Amino acid sequence: MSGYTIVDHIQIENHISFIRIDPTDISLTLRNILVSFNDLSWIRQFDDEYQRVSYQVRARKTADHIANFIIKAKADKITSSSAEYVVSELARQTIVEKLNYLDIPLAELFKKNIILNPGFDFYTRNLNEILLFGEAKYVAKQSAFGRSLEQIIRFANQQQDISDLNDIKDFFCKNSMNNCVKGHKGYIAAFSAKATPTDQLIKSIKRNKHFVDASKYKELICVAVNL
């Protein structure tokens, strides 16, 4: 995906990393995200026809909804409705391309709800067969890392990640699923960020109590998107 650059990639600890993304061309970024939502080629990976047909129906409904009501084909600016999709998709794409983690589509394309999905926003698997659960947040007037981290810990305490396993089982190997059940899992906090310099932003994140809780897991990635 083009229309953005990675401006920072910092290792905070061995298992904690910080990535900062700058969308360099908003209109191009939005067009590419729309293309990504409409690219249903991932469905071909499934062997059984019933899986392909079922995912086709779910994904098409969501993609159509996003194209018709959230991100228009000629959109040239971020709106309150599209911003969280931008944060989610840029974070997901960056982790797939930069870290070579597993590439699966955003959750809304394959889970039951068309919109307002109550679980995590996106998922991936690292090179050690550890599942990572991603949560994206956008706030117009301040950096949104606090909200993203708070939701991650709330979902972890509610075992939302374990509940989501039945929805994502077609995408992941059994070993990574079993690792998750045993508590070997990680999280991705994706969030909108303002003009705060990276060093100050990281200091603020490290003081956040939910960051401290999230850092106890196998991997934590913080992805700041300059919106």
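## Basis of the description

The model is predicted, so local features need pLDDT of at least 70 and side-chain atom pairs count only at pLDDT 80 or more, while totals for chains, interfaces and linings use all residues. Residues are numbered from 1 along each chain as its sequence is written, and side-chain values use heavy atoms, with hydrogens and water left out.

## Cysteines

The search of the whole structure finds 0 disulfides, a disulfide being a pair of cysteine sulfur atoms within 2.5 Å. In general terms, such a bond is covalent and links the sulfur atoms of two cysteines.

For C173, the closest cysteine sulfur is that of C180, at 11 Å, which is too far for a bond. C173 is partly exposed, with a relative accessible area of 23%, whereas C222 is buried at 1%. These classes rest on relative accessible area: buried is under 20%, exposed is over 50% and partly exposed lies in between (1.4 Å probe, protein chains only).

## D161 in helix α5

D161 belongs to helix α5, residues 160–168. Helices (H or I, at least four residues) and strands (E, at least two) are DSSP runs, numbered from the N terminus. The residue is buried, with a relative accessible area of 0%.

Two polar contacts involve the side chain of D161: one with the side chain of K185 at 2.9 Å, the other with the side chain of Y187 at 2.5 Å. A polar contact is a pair of N or O atoms within 3.5 Å; within protein, one must be able to donate a hydrogen and the other to accept it, and residues adjacent in sequence count only if both atoms are side-chain atoms. Not counting residues up to four places away in sequence, D161 touches F120, F133, F155, A156, K185 and Y187, where contact means heavy atoms within 4.5 Å.

Helices α1 (26–38) and α3 (83–99) each supply at least two residues of the lining, with α3 giving the largest share, 4 residues. By class, the lining has 7 nonpolar, 4 polar and 4 charged residues; Ala, Val, Leu, Ile, Met, Phe, Trp, Tyr, Cys and Pro count as nonpolar, Asp, Glu, Lys and Arg as charged, and the others, Gly among them, as polar.

R92 is located in helix α3 and is buried, with a relative accessible area of 6%. Its side chain is joined to that of D103 by a polar contact of 2.5 Å. Beyond residues up to four places away in sequence, R92 touches S36, D103, I104, P105, L106 and F122.

T198 lies in helix α7, residues 198–207, and is buried at 13% relative accessible area. The side chain of T198 makes a polar contact of 2.7 Å with the side chain of D8. With neighbours within four places in sequence left aside, T198 is in contact with D8, I10, F18 and R20. The C-alpha atoms of T198 and V181 are separated by 34 Å, at 17 residues apart along the chain.

N226 is part of strand β6, residues 219–226, and is partly exposed at 24% relative accessibility. A polar contact of 2.8 Å links the side chains of N226 and R20. Leaving aside neighbours within four places, the contacts of N226 are R20, I21, D22, P23, A193 and K194. Although N226 and A195 are 31 residues apart along the chain, 7.5 Å separates their C-alpha atoms.

## Positive phi angles

N100, which is not a glycine, has a positive phi of about 65 degrees. This residue is found in the loop between α3 and β3 (122–125) and is exposed at 58% relative accessibility.

E129, also not a glycine, has a positive phi of about 60 degrees. E129 sits in the loop between β3 and β4 (131–137) and is partly exposed, with a relative accessible area of 29%.
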